[in-house]
Amino acid sequence: MIEKLTVEIASKTIEFEIGRLAKQAGGSVLATCGGTQVLATSTMDKEPAEPSDFFPLTVDYFEKMYAAGKIPGGFYKREGRPSEQEILGSRLIDRPLRPLFPAQFRRPVQIIVYVLSSDGGVAPEILGINAASLASLLSDEPFREAVGAVKVGMIDGKIVINPSEKDIEDKSALDLSIAGTKDALIMVEAGAKEISESQMIDAMALAMEEIRKLAEAQEEFALKFGKEKIEVPEVVIDETLKQEIEPIFLSNIKLALENKEKIAREKALEEIKNEILQGFNEEYADRLEEVSMIFDIILRDYVRKETIQGRRIDGRTPEEIRPIAIEVGVLKRTHGSAIFTRGQTQVLSIVTLAGKGEGQLIESLEEEVITKRYMHYYNFPPFSVGEVKPMRGPSRREIGHGALAERAVEKVLPPEEEFPYTIRVVSEVLESNGSTSMASVCGSTLALMDAGVPIRKPVAGIAMGFIKEGEDYAILTDIQGAEDHLGDMDFKVAGTETGVTALQMDLKMKGIGLDVLGKALEQARKARLAIVDKMLQVIPKPRENISPLAPRIFILKIKPDKIGLLIGPQGRTIKSIIGDTESEINIDPDGTVYIAAPNEDIGREIEKKVLGLVEEPEVGKIYDGVVVEIRDFGALVQILPTHVGLLHISQLSNKFVKDIRKEIKVGDRVRVKVMKVEEDGKIQLTRKFSQQEENK
């Protein structure tokens, strides 16, 4: 039986339908808004997973090209591995749903979201969050609180809920994806053009009204049509056993935490845990798993209580930033480089500049294939945390962190017409102890300045944490790994001295209030300003000139109808120039020519060739021509690569010339002036001009 739920959000109707598609899935929802439709399914495995310490939730988001009436490009005409956009969409859907499953739940769950139709009127991944939430609510999974999600823009200073993708791209100063339950926010992802913290909170507050409406409607619908939920047994700790062994554990934990260095601290905790477990081996041989769990609970509770009382693991105050060290220009053959170190987090960022043709081609639902001129890639090798793991290409986490850093920095890049380079930044994480994505924002900014990229302002990033026990809580600046692991929130904030350029918030609790987020944003602003100040002490502004190792870009404008002359038959002309000079030439349909040359001299040489190929003869101008043919009545002289004029025998000299062949021959170089250009394009030349004209 087909059932439907309709919700009005900011003058747009969202319809959720069940009972028609994918009925064997645990929960299945077709969500429609305008011409955009997504199918979300949520299915729980029939068998429990192998014992583990994490919830095996898998979220897969797919943008089917048929949704926009397209056939995939390339040799294979079927969708292959997930695109970067699909991976980011999968992460966006995962992050608000995961915290709402019970902490002790371990059975595998898979959420799959297909974009079946797309008109660009609403972000399909946002529609996917709502559909996935309802599908999970309707299933037998232990998912009981609905998630609502909206997109928020800021157009002409006005906050807009669920604007079109085109309006976000072309008009909006804010691109905010936000999700929450009916009571509190749970996920934030944003890119912004330096908007203020107060504007960001206003946008979140307005979004919360619509999120509440979506969540309440889903829960009411699920009460009528949802399946019976499985019960997840609570993990019960023997309080008598805990009280008996807590004094032993606690004294050793305090001793281990005296190590301020991450690896030494983790090693000490592991050794103490193993030693204590061995000591309990005889008396509690059948309860070692429970004893191990008690150790983790005692460690977590101790660290959280100490932090709330103002005593962080490494001795810092809640608002204190770890020591920062900065180096720029560290690599000899790259176009720009920087090392940014904050505590035990270290990132090496490298900039490469190239011509326009080196941009990344992107095929998406909303647009035809486009060229992306700025790319940021983030790599997290296992040695950065002292581990050994196989490296099999970028993980979803690496792609997500790279996209966040890219979003943070791209807002301050110079426009393409002022700086027509393709820019690629790679951030290599060399050490990790919290907030590597925000360190890569700082490192990338420094490397761009070192490369001579005229960014408008430096961008810095900071990761904020949050720990709450009862009514008491602490907001932490510059969290390290243990604080992230044991805390309730990871809130990354990037921006300039003026405002925010990127946000990302993930929670391990079931929501957070706007009042706390407001305080966290203000605390992050102060930290950001302090970091920017340290960066400017090392490199006060972008270098005056780009690296001598980078290509030189020249921009010319030719008439569109002359493009064919530059390209030549079967591309031979342009290929010859490129091959001879080891340069890159790109031509826009409007006649803009971009030349990327190895150095200034070669660039000027190519510029001269291109202009010569498309130059029109100018009346009164003197040219250095070559005689290409002799006739009785005159000579044909090539004055430009594509133009030949007639030098009539009467215009050969101020004296009478009876036999032209006695005066000039084929191959002679002659100085001639254009007398006239006929309507049909014929050119009349003369050698009769004054010395004064020659010297002009």
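This is a predicted model: local features need pLDDT of at least 70, side-chain atom pairs count only at pLDDT 80 or more; totals for chains, interfaces and linings use all residues.
Taken as a whole, β7, spanning residues 148-155, is mostly covered, with eight of its eight residues buried. In a regular strand, side chains alternate between the two faces of the sheet.

| Partner of β7 | Residues of partner | Sense | Bridges | Example of facing residues |
|---|---|---|---|---|
| β9 | 172-180 | antiparallel | seven | V152 opposite L176 |
| β8 | 158-161 | antiparallel | four | G153 with V160 |

Between β7 and β8 lies a hairpin with two residues between the strands, and in this hairpin D156 adopts a positive phi near 55°.

Turning to the helices, α1 (residues 84-97) packs against α2 (residues 124-138) at an angle of about 40°, and their axes are 10 Å apart. Because of that angle, α1 is oblique to α2, and the crossing of the two helices is right-handed. On the α1 side the contact is formed by Q85, G89, L92, I93, P96 and L97, while α2 contributes E125, I126, G128, I129, A132 and S133. By residue class, the contact of α1 with α2 comprises seven nonpolar residues, four polar ones and one charged residue.

Technical notes:
Residues are numbered from 1 along each chain as its sequence is written. Side-chain values use heavy atoms; hydrogens and water are left out. Buried means under 20% relative accessible area, exposed over 50%, partly exposed in between (1.4 Å probe, protein chains only). Two strands pair if DSSP finds at least two bridges between them. Axes are lines fitted to C-alpha atoms, for helices over the stretch in contact, and angles run from 0 to 180 degrees between N-to-C directions. Angles under 35 degrees count as roughly parallel, over 145 as roughly antiparallel, 65 to 115 as roughly perpendicular and the rest as oblique. A crossing is left-handed if the near helix is turned anticlockwise from the far one by less than a right angle, and right-handed if clockwise. Contact means heavy atoms within 4.5 Å. Ala, Val, Leu, Ile, Met, Phe, Trp, Tyr, Cys and Pro count as nonpolar, Asp, Glu, Lys and Arg as charged, and the others, Gly among them, as polar.
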